[in-house]
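Thanks for coming. I have one structure to go through today, so please look at it first.

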Amino acid sequence: VVVGGGSGREALEALEGGAFDLMFTDLKMPGMDGLELLQQARARFPATDAVMMTGYSTVESAVGAMKYGALDYILKPFTQEELLAIVRKVERVRNSRRVQAEEAEGFVRWTRPLRVQHLIMMITFILLTVTGVPLLFPETFRGVFFFEDSSLLRGLIHRIAAVGMILLSFVHIGWVLLSEEGNRNLRAILPKFPADLHEFRDLILYTLGKRKEHPFAGRYDVFEKFEYFAVVWGTIVMVVTGLFLWFSDYLFALVPLWVLDTMKIIHRWEAVLAILSIALWHTYHVHFKPGVFPGSKVWWNGRVTRDYMIKHHPAEYEQITGRPAHVDGAAHGEEVA
């Protein structure tokens with residue numbers, strides 16, 4: 001969109017009415033000259049770049065234009081080709097500036113509420129693992145917790161961690177259902193068919209080296225979606241079976257013995273599956289895969305690099321920036337005042 005004006009005041013009014021990427025201003029104008037317009041526009045609309053036009057070329061005017069933020073200086077009269085060349089140059093400068101900012105700052109992928117939830121889950125999972133595995137291999141882990149008979153302490157810590165994970169589950173449910181951010185994340189991670197099936201096929205081919213480019217994933221790829229719902233399912237199974245074992249003395253008179261034995265088997269082997277999934281699947285895809293090794297810091301600072309975003313979540317990158325993920329060219333649809 002191109003908007004014209006006959007004076008500096010009109011230019012400022014146009015800038016107040018909408019967001020513009022580039023402003024062409026004359027040096028000599030009635031009421032407010034180009035240098036004053038540049039000064040006010042830079043202070044009030046820093047996202048808008050400017051190019052000075054004039055038929056009175058002097059060193060002082062060129063220095064003044066650059067001092068107040070003009071990206072370039074074009075002499076009148078000029079041809080259409082010269083004007084287009086200036087616009088392309090400004091586009092390259094603006095894009096280079098955006099790329100530098102993205103490389104320096106990265107992208108926020110996890111906000112603080114999500115990082116806190118993940119940290120609590122990580123702590124409770126580790127505690128449940130450390131205190132639960134000795135029950136599977138009692139001879140191997142005899143004497144854990146630094147003394148011979150540690151079953152009481154181990155059981156107490158195990159139950160405290162279990163309560164912590166249950167409470168966290170309710171907090172997470174409330175977060176995804178009631179908060180805007182959580183609901184947005186929930187909508188993004190819900191399965192979408194058949195798109196997810198196609199992405200899964202392409203992701204397998206990419207992982208095996210049979211495909212050059214990463215699939216065009218959005219905020220969550222199919223591996224992340226699978227892992228999330230695996231955690232949801234695993235948490236439900238572990239909580240239900242764990243409660244049966246916790247209150248087995250009370251349930252013994254209400255349910256057959258085989259039910260409690262079955263719950264014990266499910267609880268133990270679901271725990272083994274969860275530990276192996278975290279140790280192998282999660283560790284590789286989050287910390288060891290190419291481009292991330294030796295470890296992702298998103299769980300700590302919530303940020304990912306520009307290269308990571310473009311490679312692994314190109315659709316989300318385009319949604320955030322409005323620019324093609326694999327092209328470092330100028331954005332389309334820029335407005336000029």
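This is a predicted model: local features need pLDDT of at least 70, side-chain atom pairs count only at pLDDT 80 or more; totals for chains, interfaces and linings use all residues.

Residues are numbered from 1 along each chain as its sequence is written, and side-chain values use heavy atoms, with hydrogens and water left out.

Start with the sheet. Helices (H or I, at least four residues) and strands (E, at least two) are DSSP runs, numbered from the N terminus. Three strands make an open sheet, in the order 1-2-3, with parallel pairing; two strands pair if DSSP finds at least two bridges between them. At the edges are strand 1 (22-26) and strand 3 (70-75), each pairing on one side only. On average, neighbouring strands here are turned by 25° against each other, direction ignored. Axes are lines fitted to C-alpha atoms, for helices over the stretch in contact, and angles run from 0 to 180 degrees between N-to-C directions.

Strand 1 and strand 2 (residues 49-54) are joined in the parallel sense by five bridges. T25, for example, has M52 in strand 2 as its bridge partner.

Which helices pack on this sheet? Helix 2 (residues 34-44) touches strand 1, strand 2 and strand 3, and its direction makes about 155° with that of strand 1. Helix 4 (residues 80-105) also touches strand 1, strand 2 and strand 3, at about 170° to the direction of strand 3. Contact means heavy atoms within 4.5 Å.

Now helix 6 (residues 151-178). Its buried residues are R154, G155, H158, A161, M165, L168, W175 and V176. Buried means under 20% relative accessible area, with a 1.4 Å probe and protein chains only. Their cover includes helix 5 (112-136), helix 7 (180-189), helix 9 (222-246) and helix 11 (257-288).

Last, the rings. There are nine aromatic pairs, a pair being Phe, Tyr or Trp rings (for Trp, the six-membered one) with centres within 6.5 Å. F107 and Y317 have ring centres 5.6 Å apart and planes at 70°, so they are edge-to-face, which requires over 60 degrees. F107 lies in strand 4 (residues 107-108) and Y317 in helix 14 (residues 314-321), 210 residues apart. F107 is buried at 8% relative accessible area, and Y317 is buried at 1%. Elsewhere, F200, F223, F226 and W281 form one aromatic cluster.

Conventions:
Buried means under 20% relative accessible area, exposed over 50%, partly exposed in between (1.4 Å probe, protein chains only). Rings of Phe, Tyr and Trp (its six-membered ring) pair if their centres lie within 6.5 Å; planes under 30 degrees apart count as stacked, over 60 as edge-to-face and the rest as tilted.
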